[in-house]
Amino acid sequence: MFADVAISKGSGGIFTYSVPRELSSSVCPGKRVLVPLGSRRHTGCIVGITEQTSREKLRDIISVLDEEPLFDERDLSFFRWTSRYYLYPPGKTLGVILPSGIDVRSTKWVTSAGCEPAASDHLTGEQRRLLEALIDFPAGCALQTLKKACGRSSLEKDLKHLAGRGLLTLEERLQPPKVRRKSERIIRLAAPSASSEPSLTEKQRAVLDLIESIPRCTLSLLSGRIKNAADTVKRLEKKGLVLSEKREIYREPAAPPSFGREPGPLQLNEDQAKALDAILRAVDRRGYAPFLLHGVTGSGKTEVYLRAIASVLDSGGDALLMVPEIALTGQLIDRVRRRFDDRLIALYHSGLSEGERYDQWRKMQRGAARILIGTRSAVFVPIRDLRLIIVDEEHDASYKQDDRLPYNARDLALVRGRLHDAPVVLGSATPDLQTYHNTRHRGFTCLKLPNRVENRPLPAVTIVDMKQPGARRGKDLLLSAPLATAIEETLSRGDQSLLLLNRRGFTTFLYCGECGHIFTCANCSVTMTHHMSQNLLKCHYCDYSIKAPPLCPICKSGKILSFGAGTEKLFGEVTALFPSARTARLDSDVTSKRGSYETILSALYRREIDILVGTQMIAKGHDVPHVTLVGVVSADGALNIPDFRAAERTFQILTQVSGRGGRGRDPGIVFIQTINPDNPSIQRARNHDYDGFYHDEISARRELGFPPFQRLINIRVSSPSEEKAAELARLLADAARRFIAAVKGKPGASVLGPAEPPLARIKGSYRRQILLKGPDTVFLHETAEHVLKAAGRRTSEVRIDVDPLNFM
């Protein structure tokens, strides 16, 4: 018997191993195994079993690591499709998909021989310092630990030399997984009359009484109530009065804070009822059916989701509900938990601990939960009887992963729905143009919710032209006179306000007023953002930071000036203008601590915050009934990004944040500050006119040959050397052009670049990109695969991004 094993290390490929006879009954696809690869041992995952192979001299599997598989054959088909479509190695694909922290890890262990080097050893200064560093580790240490101690990224050459001289030893050691299954001990009485035994101590009798009073009593519960209960239980076991058994338990994520009382199921309006009926008919047919639930903000899409899920559960099926960001899960989970039994719900997102993610994965796989709520990675979690997939805020770019496996979870949800014969509902007030185009030309069904629940009005939007005299209250102030007045009136009514400025920090950057020097990151070709409260300049790409300098490093002038503004500066202006208001800030600087986002949003819902200042985090999906004013401090930032989707993203964020207002009984008002008041995206957002925006934008896309009319694959090249990055990019672009020119009878494809992206250097690496563009997806993939072959061993410097969203 032979097994094909996908390994995430190295090339990320699939390797064939022989299965020893004693392991033959234990192996199956979906189980992890320990296998030799080169001189090391690694964890891999079985993806195929065969009785014959033409390969010779195969190495044996060392051990099987799982009692039960982590996924089944249908899941494996989905994972394989993902690997092929995104041109990412299968082993590395599984490394991204499976829960982290569960693998046996191989590490190189370095131990000093304890002898002094001889003069004939001819050691360099670096080699002597390496031996000195080992003195602090008499029992030896892992190679990574030694690298940190020496402050070097590579020690292999020196280690080999020192080991050859007998001055240290190198060995492979296996480290157990960081995450293992969690269990608890259940204690029960051996007989109902156990506590009546005459020879019991007072403490033993107390333990027995407590066990008798609590069904499925656990040792941890006993220990929490009675001191040294474990020792007492051992004595009672020896007397035969109690029995104990181990039971596996799931680590459960902490419940989010309450976001207010959730009313019972609302009466559906006619449009909601029609949409729900269409979805449920598709569920009953047990076939793939893609829907776009296109409803204005506040139209009751969530109520349709919850009723559809309830119907699926009633029929014995399971459901997947996806949200774009962790920040959005709290309020939604709160609503789902109020509607469904908490034991039926599992959560899956990167904010969980490794142990929680592993347990939530297995909870869904085993059928112990029926509803999975999660962010983009939840699209991969095995679900036993998947009958409905819902992707909320389907337009959101957060569904696309940029690093490692660059997948789009919204698109994969459609693929998974097809594999499981399940309907897929994509919900949004501002659908992605591709999705809306699919409702007109690709067979997607569009379900419209054109009105808010209870016929509440959409907020009235006022455009404030910041170029007009009288609009600005002062030269360096961010709030216009009309917006400041509106905030004051909102406060006087006891209502709440949201203020959006999609830039964190105090100012955009610092510069020298004498010589013009701009403070940029040492590792990236970007300016550093000034965070005044910490007196730091920070790079938001690599986390490099320095103290804000008092003098210019070039001309030594003390005339350090600032340009632009962020949420920190806006927060300061608001608190100064409205000192009695309860003002809070919501951006990634203040929500880095686990649970902090939910705490702030819960306080907003409880009306403990009057004014909330934030980045786009405040624009997404929140339903706070007493927010009646929304202010967009600058609508121009997203318009000026060098991206063909800039207009679409501007329209989406303006429409989404406007929709946070007026969701209760009182109507909402919105102020949008801009220096481009006549821009079509801003005007369409003002009028809540998605169809008008779609017609404007789709014409431009058709003319320029951008999605949805043509497909894109971005090839990114990076290197610490600018010359090498440019040279490799030229070589690969030429290879792509030759391949396209040599193939006859294919629809026209083109190669754009190579070119520097707007961020030409990130984390010390210089970057170039090549864009493949054409109507034939298969041919574009073939071209990209040819480019990867042309890169040869330099594939670590080349990344393929299929259907890219980020060109920065």
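This is a predicted model: local features need pLDDT of at least 70, side-chain atom pairs count only at pLDDT 80 or more; totals for chains, interfaces and linings use all residues.
In which helix does E356 lie?

**View A. Glutamate E356 in helix α12.** E356 is part of helix α12, which spans residues 354-365. With a relative accessibility of 10%, E356 counts as buried, because the cut-off for a buried residue is under 20% relative accessible area. Leaving aside residues up to four places away in sequence, E356 is in contact with R251, E252, P253 and R594.

**View B. Arginine R416 in helix α13.** Helix α13, made of residues 409-420, contains R416, and this arginine has a relative accessibility of 0%, so it counts as buried. A polar atom of the R416 side chain lies 2.7 Å from the backbone oxygen of V379. When residues up to four places away in sequence are not counted, the residues that R416 touches include A378, V379, F380, V381, P382 and I383. Also among the contacts of R416 are L386 and I389, together with D75, F78 and L320.

View C. A disulfide is a covalent bond between the sulfur atoms of two cysteines. The structure holds zero disulfides, and C45 accordingly takes part in none, the nearest cysteine sulfur being that of C28 at 9.4 Å. C45 is buried, its relative accessible area being 3%. For C539, the closest cysteine sulfur belongs to C521 and lies 3.7 Å away, which is too far for a bond, because a disulfide is counted for sulfur atoms within 2.5 Å. C539 is likewise classed as buried, at 2% relative accessibility.

View D. Most residues other than glycine have a negative phi, and most peptide bonds are trans. The peptide bond from P707 to P708, however, is cis, with omega near 15°, and P708 is placed in the loop that runs between α20 (690-704) and β30 (711-719). A cis peptide bond also leads from G753 to P754, with omega near 15°. P754 belongs to strand β31, which covers residues 750-755.

**View E. Two lysines with positive phi.** Although K57 is a residue other than glycine, its phi is positive, near 55°. K57 sits in the loop between β4 (40-50) and β5 (63-64), and with 84% relative accessibility it counts as exposed. K556 is not a glycine either, yet it has a positive phi of about 65°. The loop that holds K556 runs between β24 (545-547) and β25 (560-563), and K556 is exposed, with a relative accessible area of 56%.

View F. Two bridges pair strand β6 (residues 105-112) with β7 in the antiparallel sense, and W109 has A142 of β7 as its bridge partner.

**View G. Strand β1 and its two partner strands.** Strand β1, made of residues 2-7, is mostly covered, since five of its six residues are buried. The strand runs antiparallel to β4, to which six bridges join it, and in that pairing V5 has I46 of β4 as its bridge partner. Strand β1 is also joined by five bridges to strand β2 (residues 14-18), again in an antiparallel arrangement. Here V5 has F15 as its bridge partner in β2. The hairpin of β1 and β2 has six residues between the strands, and within this hairpin G10 adopts a positive phi near 65°.

Terms used
Residues are numbered from 1 along each chain as its sequence is written. Side-chain values use heavy atoms; hydrogens and water are left out. Helices (H or I, at least four residues) and strands (E, at least two) are DSSP runs, numbered from the N terminus. Buried means under 20% relative accessible area, exposed over 50%, partly exposed in between (1.4 Å probe, protein chains only). A polar contact is a pair of N or O atoms within 3.5 Å; within protein, one must be able to donate a hydrogen and the other to accept it, and residues adjacent in sequence count only if both atoms are side-chain atoms. Contact means heavy atoms within 4.5 Å. Two strands pair if DSSP finds at least two bridges between them.
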